[in-house]
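Here is a walk through one protein model, section by section. Keep the sequence and the 3D view open as you read.

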Amino acid sequence: MVSKNQIKLISGLHQKKQRFANQLFFAEGVKVIQELLQSNFELEHLYTTQNDFETVHSSKRTLINEQELKKISALSTPNTCLAVFKMPSENKINDTGLILALDDIRDPGNLGTILRLCDWFGIKQLICSKETVDIYNPKVVQATMGSITRVNVNYVDLDTFLSQTKLPVFGTFMNGENIYQSNLPQDGIIIMGNEANGISEEIEKRVTSRLTIPRFGELQKTESLNVATATAIILSEFKRNS
């Protein structure tokens, strides 16, 4: 059974302010929770409607019913389990190799997908501007499908960070150099911009190389690509050339 205080706490974790005040976040679904349990994330408590997760100590596991799960879930159709984890401290930024930087990404689904892409392509460092959606947003955690455990994520003042790096800075624009004809290095920072406005003027000044994904459609009327789709193409090309 889940108590009223537990319901109040977990319901509060739906909001960024309460997540950071309590230094807690939650994840839903067997796969995501298993990935988190097998990582260095520390479990606060697990709530499940099934007799599963037997490796979790009984003091940190509560069997609940579907109605109770609905009260704490962020999903319209709840899964079978929800787990609360402690937020880990941010690791030091590793300013080497390929780094992906996000300038004001607002959609949780996009951030979650981009984290999965980093995991897929072996990008170990993801840097987010302070305006980018919170990585512990429940929708982001859900969309990462466990990749949140394998990518180092830091939130920084992006302009300040870029002003101090010695790595080349690549930006994605409509009028850049054709990425398929570019000589791409193994080390550098790749910036992906906001869904509606692209890379901000402030950050654009820090870009040393402008790249574009050319349109091949006959009518050339597609205005832009989804930022997660564009990220997949960009990372694929960088890795293909490495």
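## Ground rules

Helices (H or I, at least four residues) and strands (E, at least two) are DSSP runs, numbered from the N terminus. The model is a predicted one, so local features need pLDDT of at least 70 and side-chain atom pairs count only at pLDDT 80 or more, while totals for chains, interfaces and linings use all residues. Residues are numbered from 1 along each chain as its sequence is written, and side-chain values use heavy atoms, with hydrogens and water left out.

## The overall picture

The protein has 9 helices and 10 strands. Its C-alpha atoms fill a box of roughly 60 × 40 × 30 Å along the principal axes. Of its 242 residues, 48% count as buried, where buried means under 20% relative accessible area, exposed means over 50%, and partly exposed is in between (1.4 Å probe, protein chains only).

Contact here means heavy atoms within 4.5 Å. Take the contacts with a separation of 6 or more: 75% of them come from residues 24 or more positions apart.

Start with β5, residues 98-102. Since 5 of its 5 residues are buried, β5 is largely enclosed by the rest of the structure. Leu98, Leu100 and Leu102 point one way, Ile99 and Ala101 point the other way, and all are buried. In a regular strand the side chains alternate between the two faces of the sheet.

Two strands pair if DSSP finds at least two bridges between them. Strand β9 (residues 188-192) runs parallel to β5 and is joined to it by 5 bridges, with Ile190 as the bridge partner of Leu100. Strand β6 (residues 125-129) is also parallel to β5, through 4 bridges, and here Leu100 stands opposite Leu126. To get from β5 to β6 the chain passes through helix α5 (residues 108-121), in a right-handed β-α-β crossover. Right-handed means that, with the strands pointing away from the viewer, the path from the first strand over the helix to the second runs clockwise.

## Helix α5

The buried residues of α5 include Leu111, Ile114, Leu115, Leu117 and Phe121. The buried residues of this helix pack against β5, β6, α6 (138-144), β7 (152-156) and α9 (227-240).

## Two nonpolar cores

A nonpolar core is a set of buried Ala, Val, Leu, Ile, Met, Phe, Trp, Tyr and Cys residues joined through side-chain atoms within 4.5 Å. The largest one has 49 residues, and Phe85, Leu100, Leu102 and Leu126 have the most contacts inside it. Setting aside residues up to four places away in sequence, Phe85 touches a list that includes Leu24, Phe25, Ile33, Leu37 and Phe41, along with Gln23 and Glu42.

There is a second, separate core of 15 residues, which includes Phe161, Val169, Phe173 and Ile203. Phe173 is found in strand β8 (residues 169-178) and counts as buried at 13% relative accessibility. Beyond four places in sequence, Phe173 is in contact with Ile199, Glu204, Val207, Arg210, Leu211 and Thr212.

## Cysteines

How many disulfides does the structure hold? The count is 0, a disulfide being a pair of cysteine sulfur atoms within 2.5 Å. For Cys118 the closest cysteine sulfur is in Cys128, 8.7 Å away and so too far for a bond. Cys118 is buried, at 0% relative accessibility, and Cys81 counts as buried at 0% too.

## Two positive phi angles

Gln23 has a positive phi of about 55 degrees although it is not a glycine. Gln23 lies in the loop between α2 (16-22) and β1 (24-28), and is partly exposed at 39% relative accessibility.

Asp104 also has a positive phi without being a glycine, near 65 degrees. Asp104 is found in the loop between β5 and α5, and at 17% relative accessibility counts as buried.
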